[in-house]
Amino acid sequence: MTLKEYRSFFTESLLTIYPKTEIETFLYLLIEEYLGLNRIEFAIQPNYEIKEEKIQLLNKGLERLKKEEPIQYIMGHTEFFGYSFIVNKNTLIPRPETEELVAWVLNEIEKPTLHQRKINYILDIGTGSGCIPISIAKENKNTNLTAIDISEEALKTAQKNAKKNKVTIQFTKANILTEAKLDKQYDIIISNPPYVRNLEKKEIKNNVLLNEPHLALFVENKNPLIFYDKIADLAKQYLTKKGKLFFEINQYLGEETKQLLIRKGFNNIELRKDIFKNDRMIKATL
Ligand SMILES: C[S@@+](CC[C@H](N)C(=O)[O-])C[C@H]1O[C@@H](n2cnc3c(N)ncnc32)[C@H](O)[C@@H]1O
């Protein structure tokens with residue numbers, strides 16, 4: 001079968017589930033993944049004969065797409081902050097909003113002076129694929145990073161990602177909701193914790209709802225800020241004097257999250273929107 005023929009077959013097979021532009025993107029990604037051809041090479045070689053074994057691989061991907069599995073899980077990796085991360089059903093797929101949070105944190109890390117090169121101790125709570133601490137470690141060498149998750153499987157993947165990206169992170173398995181202490185004082189504490197209320201499930205697309213770990217996403221309707229509450233309490237005790245707390249937040253709960261931090265006695269609270277103009281992240285200091 002030629003590339004041109006496969007394109008028609010692939011598009012036809014998915015048209016009832018996805019828009020055409022998305023199907024094109026899936027095809028380009030799978031062709032690059034399995035055939036090693038980029039978009040331009042694809043476009044200029046419509047009569048390229050695809051080997052039978054490669055068709056088998058592409059068809060396996062196609063079957064998984066029909067079941068609305070995310071393309072990132074099918075390929076087994078994704079890009080975040082320009083770096084490659086292994087992802088699987090135990091790890092949330094890193095989102096572009098979280099890249100904005102990482103950019104904000106990087107901007108706020110204390111810069112070395114002429115006389116002093118300070119190491120910034122940073123903790124990421126609910127690390128998933130490890131995308132946040134690994135990107136920070138890649139971008140800023142004056143950092144020492146620790147990352148916590150409750151999921152052993154997520155931590156195994158995060159560890160592989162640290163190795164793949166050649167950085168050192170201390171990974172710890174812990175349930176942050178029951179931890180009374182942290183291991184040390186931190187200059188920066190970051191978290192993108194579970195924050196989607198069960199009542200918001202109806203807004204969530206099937207590819208997320210049926211595939212991504214619910215442990216990473218959902219919280220009870222009646223206590224949606226449970227993680228923020230607990231992490232803010234720990235941050236009060238374990239942030240250094242000039243320390244900073246960063247959260248990714250539920251877009252519908254920006255004001256509530258801000259009020260929670262005010263009640264806990266935090267200062268300089270700054271709520272920021274993501275590129276889609278939704279309240280998405282917050283920073284506070286002691
Ligand atoms: C929204 S995901 C964020 C993943 C990653 N930091 C990112 O931004 O893509 C939340 C993460 O918190 C972890 N988590 C859920 N409950 C937890 C708990 N009680 N203690 C520690 N981590 C928890 C999940 O396993 C998941 O990896």
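1. Helices are DSSP runs of H or I with at least four residues, numbered from the N terminus. Helix 7 (131-139) and helix 10 (214-217) each give at least two residues to the shell around the ligand.

2. A word on the source. This is a predicted model, in which local features need pLDDT of at least 70 and side-chain atom pairs count only at pLDDT 80 or more, while totals for chains, interfaces and linings use all residues. Residues are numbered from 1 along each chain as its sequence is written, and side-chain values use heavy atoms, with hydrogens and water left out.

3. The ligand has 21 residues around it; Gly126, Asp149, Asn175, Ile176 and Asn192 come nearest. Being near takes a heavy atom within 4 Å. By class, the shell has 13 nonpolar, 7 polar and 1 charged residues. Here Ala, Val, Leu, Ile, Met, Phe, Trp, Tyr, Cys and Pro count as nonpolar, Asp, Glu, Lys and Arg as charged, and the others, Gly among them, as polar.

4. Now the ligand's nitrogen atoms. One is 2.7 Å from an N or O atom in the side chain of Asn175. A polar backbone atom of Gly126 lies 2.8 Å from a nitrogen atom of the ligand. For a backbone N or O atom of Ile176, the distance to a ligand nitrogen is 3.0 Å. The protein buries 96% of the 590 Å² that the ligand exposes when taken alone (Shrake-Rupley method, 1.4 Å probe).

5. Elsewhere, two helices meet. Phe26, Leu30, Ile31, Tyr34 and Leu35 in helix 2 contact Lys54, Leu57, Leu58, Gly61 and Leu65 in helix 4 (heavy atoms within 4.5 Å). By class, this contact has 8 nonpolar, 1 polar and 1 charged residues.

Note on methods
Polar contact = N/O pair within 3.5 Å; in protein donor to acceptor, adjacent residues only side chain to side chain.
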